[in-house]
Amino acid sequence: MQYTQPSKESPYVSPEKSGPAAVIVLAAGAGTRMKSRTPKILHEIGGRSMVGHALLAARSISPQRLALVVRHERDRVAAHLTELDPDALIVDQDEVPGTGRAVEVALEALDAKEPVAGTVVVTYGDVPLLTGEMLSELVSTHEREGNAITVLTAILDDATGYGRILRGDDGTVTGIREHKDATDAERAIREINSGIYAFDAAVLRDALRHVTTDNSQGEKYLTDVLGLAREAGGRVAAVVTADRWQVEGANDRVQLAALGAEHNRRIVEAWMRAGVTVVDPATTWIDSTVTLAEDVRILPNTQLHGATTVARDAVVGPDSTLTDVSIGEGAKVTRTHGSGAEIGAGASVGPFTYLRPGTVLGETGKIGAFYETKNVRIGRGSKLSHLGYAGDAEIGEDTNIGCGNITANYDGEKKHRTVIGSGVRTGSNTVFVAPVTVGDGAYSGAGAVIRKDVPAGALALSMAAQRNAEGWVAANRPGTLSAELAAAAAAREGRTDSSNSPASTEEG
């Protein structure tokens with residue numbers, strides 16, 4: 001199973017609509033077994049909703065027209081589909097239940113603009129591992145053989161619960177037998193119906209007019225079309241896949257997790273075959289929307305989500321989770337949680353670093369241990385090494401921000417910006433009270449609180465005299481270990497500390 005990265009501009013839009021006449025995606029089900037307020041098809045795996053995966057597969061075969069049938073949580077689902085693919089036709093299923101009726105209302109809606117002629121593919125919104133390659137094979141077989149209907153089938157070791165494919169002596173499909181209605185001999189059949197079809201539009205349109213709801217479920221079954229097509233002399237055939245995952249749906253959270261794990265396994269394997277080193281595939285998760293270059297190295301317990309991109313020779317991990325992060329060539333990101341950030345070539349981040357949206361780290365720059373950044377631009381070669389916070393700030397090139405520095409960007413009501421120039425050196429525990437500007441080449445002393453702009457090349461200090469209250473421990477903490485040790489030290493030095501009124505000394 002091959003995965004290709006979609007276009008960043010619009011992965012759901014076909015460059016040329018040269019494929020089948022139409023694709024109909026059924027997305028109306030309630031999915032009650034998910035036990036969720038989120039519609040089943042909107043649950044995600046690999047960075048996309050299940051219906052998003054189905055839509056991408058449908059668009060990849062360049063259909064001339066595309067329709068999606070909705071019903072449960074109609075407005076929410078329709079809004080999601082419109083966001084993904086504004087050109088898709090959203091069709092509402094009416095009160096008549098069943099897959100046959102869902103396809104019928106879709107075909108009627110498509111025909112209302114212009115009658116559909118040619119091949120119509122029917123698929124589902126909850127089969128996220130189905131690929132465009134598989135749909136292309138289904139369509140090409142259908143059209144090459146001149147079939148009335150071609151059904152996608154799969155071979156399962158355990159086919160319990162699935163409809164079985166019945167074949168004639170000539171290999172064509174004679175029918176589909178539901179498990180509950182099958183004989184013992186029929187239940188031994190391992191070939192099952194996926195519910196995914198290629199139809200001749202005229203055959204489908206005519207057969208649906210004759211499908212009734214006269215069954216125990218009171219539904220209009222799409223499978224009934226097969227028998228009607230054969231009675232009319234049409235040929236019904238099958239395309240078999242040995243890859244059962246392509247036709248697996250998710251009805252509950254257990255199946256969703258299994259599909260997610262298999263999807264990730266395939267994504268990770270595809271990247272390894274493309275030249276990416278993944279040290280521990282079992283603990284590495286990569287969304288289908290991520291882009292990696294050759295010679296990227298991913299260490300254990302790493303998750304790459306969203307539109308994350310990693311350039312050649314970069315190393316990510318271990319223990320890192322990145323969403324929508326761009327990493328430059330040769331950069332290193334260690335034990336970092338980040339989103340919406342850019343990391344330049346040759347830069348280093350981590351360990352134990354939190355990159356919030358708007359962080360831009362220039363080439364060969366550094367954001368070190370226990371640092372949090374937000375909406376900050378850090379110039380080439382600048383270093384924020386450890387134990388600090390930089391927010392709403394701009395830092396020039398080749399600047400070194402000392403240990404424990406922070407930008408105090410919030411005054412209780414509004415955020416303000418700090419601007420620090422190039423070649424600046426700041427002492428430990430410097431606080432920049434925004435809005436404030438520090439000029440190029442300036443220094444700050446340890447513990448400085450910068451409340452006013454600092455000119456280029458200046459040294460900023462905020463000092464108070466140090467006061468030592470000698471004898472304070474003896475007077476205020478008598479009997480403690482500290483008092484005992486202080487008394488012993490005083491005895492060694494030949495001095496006596498008063499236990500009643502400590503002396504005070506000041507040093508300017």
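The C-alpha centres of domain 1 and domain 2 sit 46 Å apart in this predicted model. Domain 1 covers residues 22-247, and domain 2 covers residues 253-460. Where they touch, 15 residues come from domain 1 and 11 residues from domain 2. Let's look at that meeting point, then at charged pairs, backbone details and the surface.

**Where the domains meet**

- Put together, domain 1 and domain 2 bury about 1,200 Å² between them. That's a handy figure to know, because the size of an interface is often given as the accessible area lost when the parts come together.
- Of that buried area, 63% is on carbon and sulfur atoms.
- The interface of domain 1 and domain 2 also has 1 salt bridge across it.

**Charged pairs**

- How many salt bridges does the count come to? It comes to 27.
- One of them pairs Arg101 with Glu104, with the closest N and O atoms 2.9 Å apart. Both residues belong to helix α3 (residues 99-113), where they are 3 residues apart, or about one turn of the helix. Arg101 and Glu104 are both buried.
- Asp243 is in the loop between β11 (236-241) and α8 (253-273), while Arg266 is in helix α8, so this pair ties together parts that are 23 residues apart in sequence. Their closest N and O atoms are 2.8 Å apart, and they form a salt bridge. Are Asp243 and Arg266 buried or exposed? Both are buried.
- Lys374 and Asp392 make another salt bridge through their side chains, at 2.7 Å from N to O. This pair links distant parts of the chain, since Lys374 is in strand β27 (residues 366-378) and Asp392 is in strand β28 (residues 383-395), 18 residues apart. Again, Lys374 and Asp392 are both buried.
- Some salt bridges share partners, and that joins Asp243, Glu262, Arg265, Arg266, Glu269 and Arg273 into one network.

**Backbone details to spot**

- A cis peptide bond links Gly317 to Pro318, with omega about 0°. You'll find Pro318 in the loop between β18 (315-316) and β19 (320-323).
- Gly350 and Pro351 are joined by a cis peptide bond too, and here omega is about 5°. Pro351 is in the loop between β24 (348-349) and β25 (353-355).
- Asp313 isn't glycine, yet its phi is positive, near 65°. Asp313 sits in the loop between β17 (309-310) and β18, and it counts as partly exposed at 40% relative accessibility.
- Leu387 also has a positive phi without being glycine, this time near 55°. Leu387 is in strand β28, and its relative accessible area of 48% makes it partly exposed.

**On the surface and towards the end of the chain**

- Which residues form a nonpolar patch on the surface? They are Tyr443, Leu459, Leu461 and Met463, and together they have about 490 Å² of accessible area.
- Leu459, one of the patch residues, is in strand β37 (residues 459-460). Leu459 counts as exposed because its relative accessibility is 54%, and the cut-off for exposed is over 50%.
- Asn468 lies in strand β38 (residues 466-470) and is partly exposed, with a relative accessible area of 36%.
- How far is Asn468 from Arg209? Their C-alpha atoms are separated by 97 Å, and the two residues are 259 residues apart along the chain.

Conventions: Residues numbered from 1 in each chain as written. Predicted model: local features only at pLDDT ≥ 70, side-chain atom pairs only at ≥ 80, totals over all residues. Heavy atoms only, no water. Patch = residues over 30% accessible without salt bridge, like charges linked within 9 Å, V, L, I, M, F, W, Y side chains within 5 Å. Areas by Shrake-Rupley, 256 points an atom, 1.4 Å probe, with all protein chains shown as cover. Salt bridge = Lys/Arg side-chain N within 4 Å of Asp/Glu carboxyl O. Helix = DSSP H or I, 4+ residues; strand = E, 2+ residues; numbered from the N terminus. Buried < 20%, exposed > 50% of the residue type's maximum accessible area, 1.4 Å probe, protein only. Domains from an automatic or database assignment. Contact = heavy atoms within 4.5 Å. Buried area = accessible area lost by both parts, 1.4 Å probe.
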